[in-house]
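Hello,

I am passing on the structure we discussed, shown just below. My notes on it follow, grouped by residue.

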Amino acid sequence: DLFCFFLSIKNRLRAIIDAEEKTKPLSDRELTERLTAEGVQICRRTVAKYREAMGIAGASGRKRYDAEK
């Protein structure tokens with residue numbers, strides 16, 4: 001089912017973002033490359049659209065700074 005396919009891509013995208021290094025979050029291009037390496041053919045614009053639809057900020061908005069630096 002097509003809906004389940006899109007939902008699984010969004011779930012995988014969220015999992016990649018949740019596992020990223022918080023001081024160096026992945027850009028939409030890097031997220032696209034990760035998904036492509038897993039066999040998902042997707043455009044950067046589509047990754048950005050899905051990320052925004054899920055309420056997830058871009059890389060600069062997800063960046064966390066160490067208190068020690």
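Asp-28 counts as buried, at 14% relative accessibility; buried means under 20% relative accessible area, exposed over 50%, and partly exposed in between, with a 1.4 Å probe and protein chains only. Before going further: this is a predicted model, in which local features need pLDDT of at least 70 and side-chain atom pairs count only at pLDDT 80 or more, while totals for chains, interfaces and linings use all residues. Residues are numbered from 1 along each chain as its sequence is written, and side-chain values use heavy atoms, with hydrogens and water left out.

Asp-28 is found in helix H2. Helices here are DSSP runs (H or I, at least four residues), as are strands (E, at least two), numbered from the N terminus. Leaving aside neighbours within four places in sequence, Asp-28 is in contact with Arg-44, Val-47, Ala-48 and Arg-51, where contact means heavy atoms within 4.5 Å.

Which residue forms a salt bridge with Asp-28? The partner is Arg-51, with the closest N and O atoms 2.8 Å apart. This pair links distant parts of the chain, with Arg-51 in helix H3 and Asp-28 in helix H2 (residues 28-37), 23 residues apart. A salt bridge is a side-chain nitrogen of Lys or Arg within 4 Å of a carboxyl oxygen of Asp or Glu. Side chains of opposite charge can pair when their charged atoms come close.

Arg-51 is buried as well, with a relative accessible area of 6%. The side chain of Arg-51 also meets that of Glu-52 in a salt bridge, at 3.9 Å from N to O. Glu-52, at 54% relative accessibility, counts as exposed.

The whole structure has five salt bridges. One of them joins Arg-29 and Glu-33, whose closest N and O atoms are 2.7 Å apart. These two residues are four apart in helix H2, so about one helical turn separates them. Arg-29 is partly exposed at 47% relative accessibility, and Glu-33 is partly exposed with a relative accessible area of 43%.

**Tyr-50 and the aromatic rings**

Rings of Phe, Tyr and Trp (its six-membered ring) pair if their centres lie within 6.5 Å; planes under 30 degrees apart count as stacked, over 60 as edge-to-face and the rest as tilted. By this rule there are two aromatic pairs. One of them, Phe-6 with Tyr-50, is edge-to-face, at 6.4 Å centre to centre with 75 degrees between the planes. Phe-6 lies in helix H1 (residues 2-19) and Tyr-50 in helix H3 (residues 44-53), so this pair ties together parts that are 44 residues apart in sequence. Ring pairs link Phe-5, Phe-6 and Tyr-50 into a cluster.

Lys-10 lies over the face of Tyr-50, at 5.2 Å from the ring centre; a charge sits over a ring if NZ of Lys or CZ of Arg is within 6 Å of the ring centre and within 35 degrees of the ring normal. Leaving aside neighbours within four places in sequence, Tyr-50 is in contact with Phe-6, Ile-9, Lys-10, Leu-13 and Ile-42.

**The nonpolar core**

Tyr-50 is one of the 12 residues of the largest nonpolar core, and others among them are Ile-9, Leu-13, Leu-26, Leu-31, Val-47 and Ile-56. H1, H2 and H3 are the elements that give two or more residues to this core. H1 provides the largest share, four residues. A nonpolar core is a set of buried Ala, Val, Leu, Ile, Met, Phe, Trp, Tyr and Cys residues joined through side-chain atoms within 4.5 Å. In soluble globular proteins, nonpolar side chains tend to be buried together.

**Arg-62**

Arg-62 is found in helix H4 (residues 59-62) and counts as buried, at 8% relative accessibility. A polar atom of the Arg-62 side chain lies 2.6 Å from the backbone oxygen of Leu-26. Beyond neighbours within four places in sequence, the contacts of Arg-62 include Ile-17, Glu-20, Leu-26, Leu-31, Arg-51 and Ile-56.

Regards

Notes. Polar contact = N/O pair within 3.5 Å; in protein donor to acceptor, adjacent residues only side chain to side chain.
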